[in-house]
Amino acid sequence: MFSKEIMEKYADVLVQKGLNIQKGQYLLLQCCPDTLALARIVAEKALQRGAKDVHVSISDPYIKQIRGKYLSKEQCLEVPEWKKEEEDYYLRNNGVQLGLMGTYPSLMEDVSDENAMALASADNRVRNVVRKYIHEGTLQWTGTACPTKEWAVKVYPEMDAEVALETLEKDIAHMMRLDEEDPVKAWNQHCAKLKAVGDKLNAYQFDALHITSELGTDLRVGLVKNHIWCSAADMGDARVQAPYIANMPTEEVFTDPDRNRVDGIAYASKPLIINGKLVKDFWIRFSSGAAIDCGASQNVDFLKSALFADDGSRHLGEVALVSKQSPINQIGRLFYNGLIDENAASHLAFGSSFPTNIQGGTDMSEEELIKHGVNIAACHHDFMVGTEKYHVEGILNDGTSVVIMDDGDFVI
C-alpha cells in the first residue's frame, strides 16, 4: 500500500472532491482487507469534515473465490436480504458511498464458469441497491482503485513482485494527480477542463455520432433528445447536496445513446473482465439499437451471457469520449481494471443508461425514460473502443456533421 503521505493525499482527494461529503451525511465505505489502511484515513477525514458516522462494510475477495470453488451454483446465487438492507439503510438516510476495493484479475481462474457467473450475478443484485440511488440522481458516490501485489504482477509481469507493486503505486498516484503539489487544486483544474469539452458538445445537441477506427469499428449511435454530456463533478440532472466525482480517476465526457438508434459494428480496443473472466479481441454488432451478434477470441460465452442476459442488456447505455492524451493511456499498460482501463480510451457500455444524462430524467418514470430512448437494465458493462486513429463525428439534425475527435484526440 502507499506511503502514509500519499494515503493522506489520496484520502483528501476522495473525501473533498470524489464524495464532497457534507456535514450530517453518513458515509457507507465498502473496502477489503488490502485497503483497510486507506479506509481508516478516509474515515477519519470524513468525520473531521462533519460526517454523521462512517459505516464500513468489509468483504474478502479470497473468501469469495473459495466459496466459488466449493459451493453449488444455487448457493453462489443466494443474496440474503440483510445485505441489501444494510446498504439501503444508509443510502436512504442521507448517505454517500465509497467503493475502496482491491483488484485481483486472476483470482477466479480456478472457479468454474458457472459459479463465477453466479457469484457475479449475486454481487450485481447487491450493487443494484446503489444503482437505484445513482439513477435517481440523489447519491454522491465514487469508486476508485487501490494497488495490491497480485494486481501489480499481472500488470507488470516482467518485474519482481516488490518492484511491480512500487510501479503500480506510482502509476496510480500519477493518474490520481497525487504527485501534484496540490492534488485537490489539480483536480479542480481537471474538472474545469473536462466541463469545457462537455459544454461545447451540449451546445450542439447532436442527433447522432458516427464512430470509426482502424480496427474496423463503424458505428452510428443516435443520442437521446435533450441529452446532457457529463464529466467529472458535472453530473447533469443529479439532485445531490453537492457536486461529486463518480469515478476516480476519470478522463471522460459521457452521455446517453438512444437505445433504439444504434447501427453497425464496434471492435473492442482492449480486453474486458466480465464475471471474473478476461474476454479478448471481441466485437459486437448492433441493428436498430439492439446487439444481434458478437465474437471474441477468448471467453466469448461470458460476453454472450452478459450481453444477451435480457432485452435491456442488449442495448447501449453510455457513449464516452476520452482523449488518447489521457495520463492512463500514456502509461501504455492494460490494467485489468474496468474503472482505470475505461479512462484510457473512449468507450461504450451496454446495459443501463443514466437518467442524469437527459434533461428532466431524474423526474421520469422508467416507462417515460424508455419512451425517450434511455435504456433501463440491471447491468452496466463498459468496453473500450478508442484507438490511435479513433474518429468521431457529430451529426446535426439537418444531416451536416462536425468532427469531434480525430486521431484519437478532441478537435472540437
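A salt bridge is here a side-chain nitrogen of Lys or Arg within 4 Å of a carboxyl oxygen of Asp or Glu. The views below come from a predicted model, in which local features need pLDDT of at least 70, side-chain atom pairs count only at pLDDT 80 or more, and totals for chains, interfaces and linings use all residues. Residues are numbered from 1 along each chain as its sequence is written, and side-chain values use heavy atoms, with hydrogens and water left out.

**View 1. Salt bridge between K324 and E388.** The closest N and O atoms of K324 and E388 are 3.3 Å apart. The pair links distant parts of the chain, 64 residues apart, with K324 in the loop between β13 (316–321) and α11 (327–331) and E388 in the loop between β15 (380–384) and β16 (391–395); helices (H or I, at least four residues) and strands (E, at least two) are DSSP runs, numbered from the N terminus. E388 has a relative accessible area of 44% and is partly exposed, where buried means under 20% relative accessible area, exposed over 50% and partly exposed in between (1.4 Å probe, protein chains only).

**View 2. Salt bridge between R177 and E251.** The side chains of R177 and E251 form a salt bridge with an N to O distance of 3.3 Å. This pair, too, links distant parts of the chain, since R177 lies in the loop between α8 (161–175) and α9 (183–204) and E251 in the loop between β6 (218–223) and β7 (253–255), 74 residues apart. R177 is buried at 13% relative accessibility, and E251 is buried at 8%.

**View 3. Salt bridge between K132 and E136 in helix α6.** The side chains of K132 and E136 meet with an N to O distance of 3.3 Å. Because K132 and E136 are 4 residues apart in helix α6 (residues 113–136), about one helical turn separates them. K132 is partly exposed at 43% relative accessibility, and E136 is partly exposed at 29%.

**View 4. Open sheet of 8 strands.** The strands follow the order β12-β11-β8-β6-β5-β16-β17-β18, with antiparallel pairing, two strands being paired if DSSP finds at least two bridges between them. At the edges lie β12 (290–295) and β18 (409–410), each of which pairs on one side only. Within the sheet, β5 (residues 208–212) runs antiparallel to β16 and is joined to it by 5 bridges, and T212 stands opposite H391 in β16.
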